[in-house]
Structures are given as structure tokens and as C-alpha cells.
Amino acid sequence: IIEHSSDAIVRLEGQVSSSPSDSDSAHLEELQGLSGSFASLLGLAKKWDDSEVLAACLKWGNRSLSSFTRLVPMMFRQLKHNKDAVKKAIKSIQDSTKVMQHICAHGKIKTDKRVIALVPYVKKNLETFLFKVKAGLSATNAMEGWWMGNMKHRDLGGKEIESSQYPMHESGEEEDNDGKEDDGEEKEDAGSQEEEDGNASTEDEEEEAVSD
């Protein structure tokens with residue numbers, strides 16, 4: 001089911017023009033529905049706590065995140081006309097990435113090789129998504145409506161993982177860009193001002209964005 005949902009997101013990406021189009025509003029509405037459904041599916045799937053299922057969540061989640069990232073320009077073209085829909089779509093994407101990051105943290109604690117092998121790819125896509133969102137905010141002069149906050153590593157159930165339990169800079173994974181160690185907290189996580197719980201990190205720290 002997750003794979004089919006991911007397929008629908010990829011198909012939507014293929015339909016969206018790289019330049020402003022009369023179809024942008026309809027595509028944004030479809031994206032809002034697809035991103036919400038995908039987040040719900042990931043939330044249900046993680047309850048199995050099964051290595052194969054969790055790895056599948058990351059595989060198809062990462063594929064979908066790539067499409068979400070390429071759909072960011074379309075979302076920001078619609079920001080002035082339909083801010084609420086853009087906010088809801090990005091919030092749903094944030095919910096998906098939160099689950100993916102919880103899975104990454106869980107996999108590292110459990111030394112699940114299937115999950116750990118996918119962590120660097122998830123981390124890279126999350127960083128790219130955030131970069132695109134920040135670029136969109138800057139281009140639309142909307143930075144003031146968004147904020148950054150520090151978040152904690154969490155397991156599948158949302159329970160905070162102590163820094164002493166969390167393995168740092170494992171073999172095969174990239175270090176943080178500034179080369180700094182952390183204290184178990186994540187990098188800045190952007191979110192709406194009314195939402196306090198953002199995303200858990202894939203490795204050291206991650207960021208994400210949702211409007212207020």
C-alpha cells in the first residue's frame with residue numbers, strides 16, 4: 001500500500017509543470033491529499049516494529065520525499081493564493097519525515113542493518129527538502145512566518161532517546177556539515193508556532209519547515 005501511495009506521488013510530480021500553470025491549484029489540492037494519506041500510512045506501518053516493514057517505509061518514504069522536494073516550487077507558487085493548503089501539505093510532509101526519522105533512530109539503537117543502510121540517503125533527502133523550502137520562503141519573502149527549534153531523538157513510540165544510547169557517526173554515514181558533535185538534540189527543526197513537536201533526527205540533527 002505504501003508503494004502504491006508513493007507511486008501516486010511520483011505520478012503527480014510528473015504532471016506538474018516547472019513553470020506557473022493554471023493547473024497548479026488543482027495539483028496543490030491533490031498533493032495535500034496524497035501527502036496526508038502517505039503520512040497516515042507511515043504512521044500505521046511503523047507500529048509493526050518489523051525490520052522489513054520499517055526498511056520499506058524508509059525506501060518508499062525516501063522516494064516520495066524526493067518527489068515532494070521537486071514539488072516545492074509549485075507549492076510556493078501557490079503560497080500567495082492558497083496559504084492554508086500549502087501549510088497543510090508541508091505539515092503532512094513533516095509528519096512523514098518525522099516518522100522516517102523515528103525509524104532511523106530506532107534502527108540505529110537496534111543496530112538494524114536494513115534500516116541503517118538507508119539512513120544516509122534519508123538524511124541527504126531531508127536536507128535537500130529543507131534547502132528547497134528555505135529557498136522558497138526566501139523567494140516569497142515569507143521567512144518571518146516560520147521558526148526553528150531544537151528537537152530530540154525519539155524512538156518509534158515517540159519516547160526520547162538518551163544521548164548516551166544514541167550512536168554517533170557510525171561507519172558509512174556522513175558527519176554533520178560543521179563537524180560538531182551534539183548532545184542528543186537535533187538540529188534546528190522548523191515548525192508552526194502552535195506546534196511544538198517537530199521531527200526527530202536521522203543522524204545528528206535535521207531541520208524542517210512548517211508555517212505559522
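A crossing of two helices is called left-handed if the near helix is turned anticlockwise from the far one by less than a right angle, and right-handed if clockwise. Hi everyone, keep that in mind as we look around.

This is a predicted model, where local features need pLDDT of at least 70, side-chain atom pairs count only at pLDDT 80 or more, and totals for chains, interfaces and linings use all residues. Residues are numbered from 1 along each chain as its sequence is written, and side-chain values use heavy atoms, leaving out hydrogens and water.

α1 passes α2 in a left-handed crossing. Their axes, lines fitted to C-alpha atoms over the stretch in contact, with angles from 0 to 180 degrees between N-to-C directions, come within 10 Å and cross at roughly 160°. α1 and α2 are therefore roughly antiparallel, a label for angles over 145 degrees. Contact means heavy atoms within 4.5 Å, and the residues making this one include Ile2 and Leu12 of α1 and Leu31 and Phe38 of α2.

Now, which residues have the most contacts inside the largest nonpolar core? They are Leu31, Met75 and Ile103, in a core of 41 residues. Such a core is a set of buried Ala, Val, Leu, Ile, Met, Phe, Trp, Tyr and Cys residues joined through side-chain atoms within 4.5 Å, buried being under 20% relative accessible area with a 1.4 Å probe, protein chains only. The largest share, eleven residues, comes from α3. Ile103 touches Leu54, Cys57, Leu58, Val115 and Leu156, not counting residues up to four places away in sequence. Thanks, everyone!

Note on methods: Buried means under 20% relative accessible area, exposed over 50%, partly exposed in between (1.4 Å probe, protein chains only). Helices (H or I, at least four residues) and strands (E, at least two) are DSSP runs, numbered from the N terminus. Angles under 35 degrees count as roughly parallel, over 145 as roughly antiparallel, 65 to 115 as roughly perpendicular and the rest as oblique.
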